[in-house]
Amino acid sequence: MGSSFNDQFELHGAWRRAFAQQLKRLAEWLDSHELMDAAVQERLQRLENQIRSDKIMVAFVAEFSRGKSELINAIFFAGYGRRIMPASPGRTTMCPTELGYDPTLGPCLRLLPIDTRLQPLSLAEWRLKPGAWETLPLDIHSADQIAAALEKVAQVRKVTPDEARALGFWHDELPEDNPALDDQGLVEVPLWRHALINMPHPLLKEGLVILDTPGLNAVGAEPELTVNLIPQAHAVVFILGADTGVTRSDLSIWREHLVSTQAGTDSRLVVLNKIDTLWDALNAPEKVQAQLDKQRSTSAQMLGVRVEQVLPVSAQKGLLAKITQDAALLQASGLPVLEDALSQGIMGQRQAILRAAVAAGVAGLNTETSRLLNIRRRDLDDQMLELRSLRGKNASVIESMRTRIEQEQTEFDLSAARIQAVRAVHLKLLNDVFVQLGTKALKEQLKPLVAALQQRGLKLGVKKIYAEAFANLRATLDGAQASTIEIQAMLGGTFSQLNAEFGFSLQVPATPPLEPLAADLASIEQGHLQYLSMGNAFKLARPEFAERLGRALFMRVRTVFESAANDLELWSKSATAQLDAQLRERRRSFARRIEAIDRIQKAASGLVERIAEIEEGDQLLTQLETSFQSQTAQLLKLSLEPAVVVEHPPSAVAA
């Protein structure tokens with residue numbers, strides 16, 4: 001059995017820190033040797049930000065009283081020696097709760113009042129309004145204080161059925177799903193809409209985000225939760241009761257909210273919790289195991305997953321075993337098997353993604369930096385040939401050489417205006433693409449769908465409008481890709497002319513493929529289809545629900561379009577940065593050539609000294625290239641061995 005999830009995650013965090021430090025050292029080295037152009041800087045910055053800010057979200061989803069919070073306590077917080085998340089019998093987590101760490105905030109619990117559902121803003125928009133949240137400080141040195149504060153996520157209030165209907169917790173069309181009326185004709189609803197827990201817990205500091213969700217009634221009332229948060233989780237842990245298996249409400253949550261999640265097949269786990277309820281002294285262990293095996297098989301069949309993804313666990317016994325350090329009880333609880341499955345699924349998935357990003361980033365760095373080094377080497381070669389041709393020549397020949405260099409410089413400067421004109425056309429075409437992918441254009445594209453969602457009553461024709469909206473969104477991405485190919489062709493022609501005229505080595509980089517983003521768009525489309533089915537027709541008929549659904553959809557699609565724009569911007573910088581670099585190096589070359597002629601004219605030994613300097617410069621370039629290759633090789637090695645932590649910079653950095 002592998003290391004626990006906590007151990008694997010800490011190794012993952014250590015690797016990310018080591019890699020980010022190595023990237024920072026490389027950036028400083030490139031800058032010190034004047035090898036940092038705009039494209040290299042952008043590529044390094046993006047790669048470092050991706051590594052440093054990488055988040056891994058694990059969503060725990062289940063109906064009420066399945067033991068979600070207890071499982072979170074057992075996996076992540078047993079080190080406190082007590083329960084941190086409220087996990088008493090009955091309904092505990094009444095609002096969606098996120099645990100993470102933001103170093104810009106102090107340890108705190110932030111609570112968004114449930115009444116914010118009466119306003120049209122989405123959760124993402126409420127996050128930008130800190131004044132709307134109630135904030136309670138957390139004492140990280142007191143487990144008791146933290147646990148007491150977190151009990152607030154379970155707070156409820158009594159409201160009339162009309163108020164519950166407005167908040168999304170009462171459905172006249174689905175009376176069996178409505179909360180029970182008390183003697184005064186009131187119903188219980190959560191006091192809070194969303195909770196954010198900010199704690200400097202070691203795992204949270206490493207980038208772990210834990211999402212604890214309430215039951216079906218609360219989940220279904222918050223479309224942004226099921227459309228944005230859960231689908232973007234890197235792992236989903238779906239909890240069932242070992243004694244009940246898959247109930248009707250469990251199956252509803254699975255089918256409506258989890259089947260279309262983006263988590264990979266190996267990252268969607270089903271937990272049969274509370275297996276200790278089956279431990280019976282009157283039954284032989286073999287009989288208990290047979291019951292568990294049957295429950296696993298039945299649950300896997302009903303949910304359409306492999307039986308290996310259904311894991312029997314006792315969260316309560318696992319937590320107790322960790323606190324009391326009872327190794328036998330811990331093994332019996334099944335918790336280590338679940339932690340191993342989590343670590344293998346999530347860590348493997350995230351490391352594969354980051355490895356791919358590292359490989360692509362390092363390849364780009366190699367291309368950009370090697371081009372700069374080659375430009376310098378070619379200029380040195382040209383200067384060497386030029387200077388050697390002056391050996392034994394008189395003063396008039398040397399002066400003639402100086403005049404010719406100045407003439408070349410003047411002609412080059414005149415051509416710079418033409419180059420800037422080409423750049424202006426390139427940037428205008430690219431800005432047109434950015435407008436297509438911008439927020440204003442996106443709102444316009446989604447306007448018919450939003451209008452259809454906001455109509456009162458049953459929205460029988462909305463599915464067709466929905467399909468048309470996504471067809472238009474796909475066409476926008478296709479149009480952006482086509483426009484980029486046109487820009488690439490234009491740049492290719494211009495670069496070829498410049499290469500022929502000035503001996504440049506310009507090469508237009510390949511356009512960024514937008515197919516993965518189109519796949520994300522298809523996933524979003526599929527994930528929203530559930531809300532347009534006949535089963536959700538009555539829910540969709542409520543204007544406030546439909547409006548929140550439209551806002552959640554807009555936020556998801558905007559993220560995809562922003563990613564497309566960012567990729568295109570980096571591609572554009574890669575193209576223009578090499579042009580800038582070659583223009584800059586050519587101007588430096590003119591300055592060096594004129595300086596060399598001046599020195600030769602002033603002293604007879606100037607020619608010999610300058611030739612020696614160029615030879616020394618060529619050796620330095622070779623050293624720089626070797627040093628750079630060593631450092632990028634170290635980056636690739638780190639990406640392939642994520643558990644290896646580099647404590648000291650490699651010797652190549654000092655070169």
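**Notes on a predicted model**

1. From α15, the residues Phe412, Ser415, Arg418, Ile419, Val422, Val425, His426, Leu429, Leu430, Val433 and Gln436 are in contact with Thr476, Gly479, Ala480, Ser483, Ile487, Met490, Leu491, Thr494, Gln497, Leu498, Glu501 and Phe502 of α17. Sorted by type, the residues of this contact are 13 nonpolar, 8 polar and 2 charged. Please keep in mind throughout that this is a predicted model.

2. How do these two helices lie relative to each other? Helix α15 covers residues 395–436 and helix α17 covers residues 462–502; their axes come within 9 Å and cross at roughly 175°. Angles over 145 degrees count as roughly antiparallel, and α15 and α17 are therefore roughly antiparallel to each other.

3. Next, have a look at helix α5, residues 143–150, where Ala143, Ile146, Ala147, Ala149 and Leu150 are buried. Viewed down the axis of α5, these buried residues fall within an arc of 165°, so they line one face of the helix. Among the elements that cover the buried residues of α5 are β3 (108–113) and β7 (192–198).

4. Is Glu98 buried or exposed? Its relative accessibility is 9%, and the limit for buried is under 20%, so Glu98 counts as buried. The side chain of Glu98 makes a polar contact of 2.8 Å with the side chain of His194. Leaving aside residues up to four places away in sequence, Glu98 also touches others, including Met57, Arg127, Ala195, Leu196, Ile197 and Leu229.

5. Another buried residue is Leu549, with a relative accessible area of 3%. You will find Leu549 in helix α20, which runs over residues 543–602.

6. Finally, here are two loop residues for you to check. Glu34 is not a glycine, yet it has a positive phi of about 55°. Glu34 belongs to the loop between α1 (5–32) and α2 (38–52), and at 47% relative accessibility it counts as partly exposed. Gln325 is likewise not a glycine and has a positive phi of about 55°. Gln325 lies in the loop between α12 (315–324) and α13 (327–333). With 73% relative accessibility, Gln325 counts as exposed.

Note on methods. Residues numbered from 1 in each chain as written. Predicted model: local features only at pLDDT ≥ 70, side-chain atom pairs only at ≥ 80, totals over all residues. Heavy atoms only, no water. Buried < 20%, exposed > 50% of the residue type's maximum accessible area, 1.4 Å probe, protein only. Polar contact = N/O pair within 3.5 Å; in protein donor to acceptor, adjacent residues only side chain to side chain. Contact = heavy atoms within 4.5 Å. Helix = DSSP H or I, 4+ residues; strand = E, 2+ residues; numbered from the N terminus. Arc of directions from axis to C-beta. Axes fitted to C-alpha atoms, helices over the stretch in contact; angles between N-to-C directions. Parallel < 35°, antiparallel > 145°, perpendicular 65-115°, else oblique. Nonpolar A, V, L, I, M, F, W, Y, C, P; charged D, E, K, R; others polar.
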